Amino acid sequence: MTLTSLADGTILSPFSRLRQLLDGTPPGHERPIDLTLGEPRETMPSFVAAKITEAEALFAKYPPIRGSDELRGAIADWIGRRYGLVGAIDPAREILPCNGSREGLFYAAFPAVGRKQHVAARPAILMCNPFYQAYLGGALAAGAEPVFLNATAATGHLPDLDALEADPALLARTAALYLCSPANPQGAVADAAYIARALALARTHDFILLLDECYSEIYGGAPPVGGLEVAAKTPERFRNLVVFNSLSKRSNLPGLRSGFAAGDGPFLDTLFEVRNLVGPQMPGPTQHASAAVWAEEQHVTLNRRAYAAKYDVADAVLGTRFDYRRPTGGFFLWLDMSVIGDCEHAALTLWKRFGVKVIPGAYLAQAGRDGTNPGAEYVRIALVHDSATIREALERFVHVSA
C-alpha cells in the first residue's frame, strides 16, 4: 500500500483519498476509463511460467534471503551490459535481491537512520517531491523527519541541489536522500553531473543516496544514465550509494515482486540483516525465473516501442495543452490542469463530465519547505492502457475548460 501522511496525522494512500473524493459521483460516460494505477499491461515474457515450473521443487525449501548465486549473477551481468560495468560489481556483496523495489526502498530507511545515531538532532530523510510513497513510509517508520524537496518545472522536475547545499544544518542531520530517475510522475531524467553532485553531497555529509531507477528501461532517445555508472568512475566506487530497480516496469511483471538493491556493500550488509529479521525471502522459483528475465532484452525493446506509440498518441492529441511535454522517461503524464481549477477539482471534473479517472497531483506530494505542494494544480495519468484507449480518454477531455 502506498502511504500519504495527511495534516491530521492519519495515513491514507492516494487511491483511498481518490475513492473518498469521487464517492457518490457517477462517471460521466457509459464506459469509464481508469488512468490512475501505474500497473504495466504490456505482454510479459512468455517463458516466465515455464521457468517457475522448472524450479517448482524449490517451493519446498526456505530460499536464501541474499538471493541465489544464479539471480545475483544475472543481475550483475545485466548491470554490466546496461551501464558498461562488466565485472565492476561484486554479485556476492554489492547486490541484494528484494521482493520488488518497494520493499527495499522502505527497509533502507532503517540502516540509513541507524548510521546517524551520533547526531544530536532528529535524523532527517530527504525526498524528491512528488515522491513514491514508500519513501515517506520508510522515513516515518524509522523515526526520521521527512523533508520534502519540491521538484517543479523551474528546477527541471528534480530537487534543487543548490538550495539543499545552502542548508548545512539540515545536511548534517540527513540520513538519506531519496531520488527517482526517471522521475515518477514527471518523467525527468537526472544527468551524470546531477547524480555526481548528489553523490558528492552524500559523501561530504555522510548520508546514503537512495536512487530509485525503476523506470530506467522506459525511455525515448538515449538510455538514462545510472547511479552505479556514475559512481564507478570515482575513487570511492559505490560508497554512500544504493540504487533500486525491478522487473515490474522493465518486464511487465509487477506481480512477480522481484527487484534488487545494489551499491554500497557495507550498507547492503546491514540492510540484509534488517531483512533477515523482518523481511520475507523471494521464493526460489521466483528467483530462478527472475534470473532468466534479467538475461533477456528482446521483450524490453518491444516494451519501449509500445510506450513510444502511446506517447505518440499523447503528442498528437494534447499538443502543448496542459503544459504537456513528452517526458524523457517513465510512463506517466503530469498535466497542469489549472485551466479548470486545483487538482482535486480537476480530477472530479474529469470523472463527472468525461468518465476519466486520474490521480490529483497533490495526493502524490506534500507541502515542501516553502509551504507549497508542487502537485496542487496537476493530475497524473498512467499510460498503461492500449493506444486506442489512451487516445479515447485524452480526446474526451482535451478541450475541457472551467
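Trainee: Where is Pro-182 found?

Mentor: In this predicted model, Pro-182 is found in the loop between S7 and H9. A cis peptide bond joins Ser-181 and Pro-182, with omega at about -10 degrees.

Trainee: What kind of peptide bond joins Asn-184 and Pro-185?

Mentor: A cis one, with omega at about 20 degrees. Pro-185 also has its place in the loop between S7 and H9.

Trainee: Why is Ala-183 called buried?

Mentor: Buried means under 20% relative accessible area. Ala-183 has 7% relative accessibility, so Ala-183 counts as buried. Ala-183 lies in the loop between strand S7 (174-180) and helix H9 (192-204).

Trainee: Which residues is Ala-183 in contact with, leaving aside its neighbours within four places in sequence?

Mentor: His-157 and Ala-188. Contact means heavy atoms within 4.5 Å. Now take Arg-203. Ala-183 and Arg-203 are 20 residues apart in sequence and 23 Å apart in space, C-alpha to C-alpha.

Trainee: What is the phi of His-157?

Mentor: Positive, at about 60 degrees, although His-157 is not a glycine. His-157 sits in the loop between strand S6 (145-150) and helix H7 (161-165). His-157 also belongs to a pocket lining. The second largest pocket is lined by 14 residues, and His-157, Gln-186, Asp-323, Arg-325 and Pro-327 lie nearest its centre.

Trainee: How do the residues of that lining divide?

Mentor: Into six nonpolar, five polar and three charged. The space in this second largest pocket is about 240 Å³.

Trainee: Why does Asn-252 count as buried?

Mentor: The cut-off is under 20%. Asn-252 has 6% relative accessibility, so Asn-252 is buried. Its phi is positive too, near 60 degrees, in a residue other than glycine. Asn-252 lies in the loop between helix H11 (247-250) and S10.

Trainee: What makes H3 mostly covered?

Mentor: Eleven of its 15 residues are buried. Among them are Leu-71, Ile-75, Trp-78, Ile-79 and Tyr-83. The buried residues of H3 pack against S4, helix H10 (227-231), S9, H11, S10 and helix H13 (284-294). Gly-84 follows H3, with a positive phi near 65 degrees.

Trainee: What makes H6 mostly covered?

Mentor: Helix H6 (residues 133-141) has nine residues, and seven are buried. They include Tyr-135 and Leu-136. Gly-143 follows H6, with a positive phi near 80 degrees.

Trainee: How do you know that Asp-264 caps the N-terminal end of H12?

Mentor: A side-chain oxygen of Asp-264 lies 3.1 Å from the backbone nitrogen of Phe-267. A polar contact is a pair of N or O atoms within 3.5 Å.

Trainee: How does the reach of H12 compare with the expected value?

Mentor: Helix H12 (residues 265-278) has 14 residues and reaches 20 Å from its first C-alpha to its last. That is close to the 20 Å expected at 1.5 Å a residue.

Trainee: Which elements do the buried residues of H12 pack against?

Mentor: Strand S4 (95-98), helix H4 (101-107), helix H5 (109-114), strand S8 (208-212), strand S9 (241-246) and strand S10 (259-263). The buried residues of H12 include Phe-267, Leu-268, Leu-271 and Phe-272.

How values were computed:
Residues numbered from 1 in each chain as written. Predicted model: local features only at pLDDT ≥ 70, side-chain atom pairs only at ≥ 80, totals over all residues. Heavy atoms only, no water. 1 Å grid on protein atoms, 1.4 Å probe; cavity = no way out; pocket = protein on both sides within 12 Å on 5 of 7 lines; lining within 4 Å. Points joined across faces, edges and corners; volume = space filled by probe spheres on them. Nonpolar A, V, L, I, M, F, W, Y, C, P; charged D, E, K, R; others polar. Helix = DSSP H or I, 4+ residues; strand = E, 2+ residues; numbered from the N terminus. Expected span 1.5 Å × (residues − 1). Buried < 20%, exposed > 50% of the residue type's maximum accessible area, 1.4 Å probe, protein only. Polar contact = N/O pair within 3.5 Å; in protein donor to acceptor, adjacent residues only side chain to side chain.
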